[in-house]
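Here is a short briefing for a first look at this structure. Keep the sequence and the 3D view open as you read.

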Amino acid sequence: MEKLWFKSDYQEGACPEILKRFTETAFEPLSGYGTDIYCKSAGEKIKKAIGCENAQVKFICGGTQTNQLVISSMLKSYEGVVAAQTGHIAAHEAGAIEYSGHKVLTLPQHEGKILCEELSSLLEKFWNDDSHDHMVYPGMVYISHPTEFGTLYTKEELTKISAVCREYKIPLYLDGARLAYGLMSEEAELDIKTIAELCDVFYIGGTKVGALCGEAVVFTNNNMPCEFVPQIKQRGALMAKGWVLGLQFDTLFTDDLYYRLGAHAIEMANLLKEGLVKKGYTLYADSPTNQQFVIITNEKRDELCEKAVFENWEKFENGTTAVRFVTSWATKRENVEKLLELL
């Protein structure tokens, strides 16, 4: 039996619509480094989708590159970025932010999220400290939506965090690696226009949502650092064939494809979640998006490893493990049903 893959949402290649566009344009000569017609067209479609004509859009190959570029280019040399302890930049990017010379200042996580009260307290405490000139300045706030636990910020939560950032005049940056899955969740309160309104910069993930690779960085207030493109080049992230990224996002933002791909993953995740609950499993995190976390015995985990690929999330002393199953734009209903049978 071929193994069932539920380890990540970037394990498959690209959606058929994107592959078709690649085939159609394979012999078309195009200018390089993101100056092509497809990058321009994709940028215009994204600006229309977010309702922000002053937005500036740039395309980067991967998420870690995007986070490092955005954060390091917007911070001064003595500033750091505030994030949840479980935030991707704090836990899963091999110190990429610190490597760029900026410290990640962590706050406690609450199902993957930060609280505006704790953020406000951190900033207030810093500025009230007579020795703050000898400390790392909190110069930016980083959040993920969905979070590492698949959870979502409510409109009220994001509005409050945004207000704190604007009070202290620091940018709010939203990591949208799985943004489509957050937008299409049945529990979503935030649409892409509201995100653009409340955040100073965010990125729209393509790698995990049907693209071969690529993320679209959106600066919402005509606030892109003037040296951003040279910094992309310095870090080896400026693709000569920049149209590869532009073409994909031009396709994703045609005929609501991005949202349709997200909706499919959510439908499959809900099917899996409902099946797990019916079978009496305990959920480790109540995720409304495409990442589903469940607690199983180590015996069942070892048995399942023979037939499925998934993520071991956290081991407990009582002989159980929290595991993560991830659905995507490409997940087949029959595979979800097979996984439930194995469980």
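How many bridges join β12 to strand β13? Four do, and the two strands run antiparallel. The model is predicted. The points below cover its sheet, cores and salt bridges.

**Sheet**
- An open sheet has four strands, ordered β9-β10-β13-β12, with antiparallel pairing.
- β9 (282-285) and β12 (311-315) are the edge strands, each pairing on one side only.
- From one strand to the next, the twist averages 35 degrees.
- In β13, A322 stands opposite E314.
- Helix α13 (residues 298-305) lies across β10 (291-297), β12 and β13. The helix runs at about 115 degrees to β10.

**Nonpolar cores**
- The largest nonpolar core has 62 residues. I46, V141, F202 and I204 touch the most other members.
- A second, separate core of 23 residues includes I71, M140, V201 and V217.
- Beyond its neighbours within four places in sequence, F202 is in contact with residues including I50, Y173, L174 and V217.

**Salt bridges**
- The whole structure holds twelve salt bridges.
- K113 pairs with E157, with the closest N and O atoms 2.9 Å apart. The two residues are 44 residues apart, and E157 sits in helix α7.
- K113 counts as buried because its relative accessibility is 11%. E157, at 27%, counts as partly exposed.
- R333 and E267 meet at 3.0 Å, N to O. This pair links helix α14 to helix α12.
- D286 and K273 meet at 2.5 Å, N to O. D286 is in the loop between β9 and β10, and K273 is in helix α12.
- R21, K45 and D250 are linked in a salt-bridge network.

Note on methods:
Residues are numbered from 1 along each chain as its sequence is written. This is a predicted model: local features need pLDDT of at least 70, side-chain atom pairs count only at pLDDT 80 or more; totals for chains, interfaces and linings use all residues. Side-chain values use heavy atoms; hydrogens and water are left out. A nonpolar core is a set of buried Ala, Val, Leu, Ile, Met, Phe, Trp, Tyr and Cys residues joined through side-chain atoms within 4.5 Å. Buried means under 20% relative accessible area, exposed over 50%, partly exposed in between (1.4 Å probe, protein chains only). Contact means heavy atoms within 4.5 Å. Two strands pair if DSSP finds at least two bridges between them. Axes are lines fitted to C-alpha atoms, for helices over the stretch in contact, and angles run from 0 to 180 degrees between N-to-C directions. A salt bridge is a side-chain nitrogen of Lys or Arg within 4 Å of a carboxyl oxygen of Asp or Glu.
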